[in-house]
Amino acid sequence: MKKIGFIGLGIMGKPMAINLLKAGYSLTVYDIIPERIKEVVGAGAKAASSSKEVARKSEIIITMLPNSPEVKDAVLGTDGVLDGAKAGTILIDMSSIAPLASKEIAKEADKKAVSMLDAPVSGGEPKAIEGTLAIMVGGPEETFNEVKDIFGIMGASVTRVGEIGSGNMTKLANQIIVALNIAAMSEAMVLAAKAGVDPQKVFQAIRGGLAGSTVLDAKMPLVLKGNFKPGFRIELHIKDLANALDTARQIGVSVPLSAAVMEVMQALKVDGKGTDDHGGIIQFYEKLAKVQVRA
Ligand code: NAD
């Protein structure tokens with residue numbers, strides 16, 4: 001079994017690393033927050049003091065970090081992955097970052113004979129814990145085939161979409177669809193609640209029809225309880241929509257609805273709700289309409 005290194009042990013990285021340990025892999029781990037390292041060492045991993053040390057001790061390195069700057073720092077920065085990686089190492093970045101950044105990092109990795117895949121995920125913390133994430137992968141097919149089994153431990157669906165950057169391009173499409181769905185659900189439910197119709201009944205009545213969706217089923221029960229504990233933080237979704245808007249500009253595409261929802265999320269962040277779950281988007285509409293959508 002190949003030795004795996006894991007960098008970034010937050011909401012997602014920690015359960016993903018623990019699932020690899022449970023599957024019998026030997027893991028060396030690092031995070032800039034020492035307590036996070038301790039938690040995963042408690043589950044059987046070995047601690048490292050830098051990304052470079054992780055790379056020195058591993059044949060496959062997985063990163064699960066917030067955004068492009070953090071991945072660049074951990075991979076290309078001082079004491080980063082490329083300072084310690086041997087030729088032939090495989091780097092799998094599972095963070096959701098800008099597709100262009102994936103391409104830039106892969107180019108640098110290639111100079112050290114390190115092959116990179118961008119492999120962002122969908123499914124959130126519950127599916128990270130269950131090992132049932134949806135994983136969308138970009139990068140060389142032969143590298144993908146070498147690590148398919150490892151993806152299978154963390155995910156239930158694993159799709160190689162194309163060359164490097166296409167995993168993150170797919171993830172941006174996913175994030176646009178999720179953000180717009182939550183906003184549509186919020187707008188509609190606030191309207192119904194303000195009109196005096198029981199939102200719980202509205203949810204039950206429509207969930208089996210064309211308006212039904214995975215988003216509706218996942219988020220409405222939480223909204224009805226007023227539970228906005230993350231989950232997926234609004235500030236992380238702002239990061240994804242910022243990457244989507246930047247990418248759209250770079251390639252010459254207009255994304256008007258994404259821009260509108262971006263402003264909604266920005267207002268929530270200013271209102272101190274950036275660390276709420278993205279289901280908390282409904283609070284923007286509730287405030288405007290002076291009504292709450294609760295069971
Ligand atoms: P998180 O903030 O909980 O975890 C990120 C971890 O990276 C933290 O522990 C942080 O200390 C560490 N870190 C930051 N910079 C570092 C560096 N330079 N070196 C080493 N460690 C560093 O975030 P998360 O929710 O686990 O999300 C990680 C990625 O997965 C993000 O790109 C996010 O968009 C994506 N994602 C999250 C979810 C979700 O529901 N939380 C779902 C799908 C995808």
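How many nonpolar, polar and charged residues does the shell around the ligand have? By class, this shell has 13 nonpolar, six polar and eight charged residues. Here Ala, Val, Leu, Ile, Met, Phe, Trp, Tyr, Cys and Pro count as nonpolar, Asp, Glu, Lys and Arg as charged, and the others, Gly among them, as polar. The model is predicted: local features need pLDDT of at least 70, side-chain atom pairs count only at pLDDT 80 or more, and totals for chains, interfaces and linings use all residues. Residues are numbered from 1 along each chain as its sequence is written, and side-chain values use heavy atoms, with hydrogens and water left out.

Of the 27 residues around the ligand (a heavy atom within 4 Å), M12, D31, R36, P66 and K239 come nearest. Polar contacts are pairs of N or O atoms within 3.5 Å; within protein, one must be able to donate a hydrogen and the other to accept it, and residues adjacent in sequence count only if both atoms are side-chain atoms. A polar backbone atom of M12 is 2.9 Å from an oxygen atom of the ligand. For S96, a backbone N or O atom lies 3.0 Å from a ligand oxygen. D73 places a polar side-chain atom 3.2 Å from a ligand nitrogen. On its own, the ligand has 830 Å² of accessible area, and the protein covers 93% of that. Areas come from the Shrake-Rupley method with a 1.4 Å probe; for residues, only the protein chains shown count as cover. Elements giving two or more residues to the shell are α4 (68–76), α7 (124–130) and α12 (234–251). Helices (H or I, at least four residues) and strands (E, at least two) are DSSP runs, numbered from the N terminus.

In α4, the buried residues are S68, V71, A74 and V75. Buried means under 20% relative accessible area, exposed over 50%, partly exposed in between (1.4 Å probe, protein chains only). Seen down the axis of α4, these residues fall within an arc of 135°, so they line one face of the helix. The arc is that of the directions from the helix axis to the C-beta atoms. The face turned away from this buried side carries the exposed residues P69 and D73.

N19 is found in α1 (residues 13–22). N19 is buried, at 11% relative accessible area. Its side chain reaches the backbone oxygen of I129 at 3.2 Å.

The peptide bond from P230 to G231 is cis, with omega near 5°.
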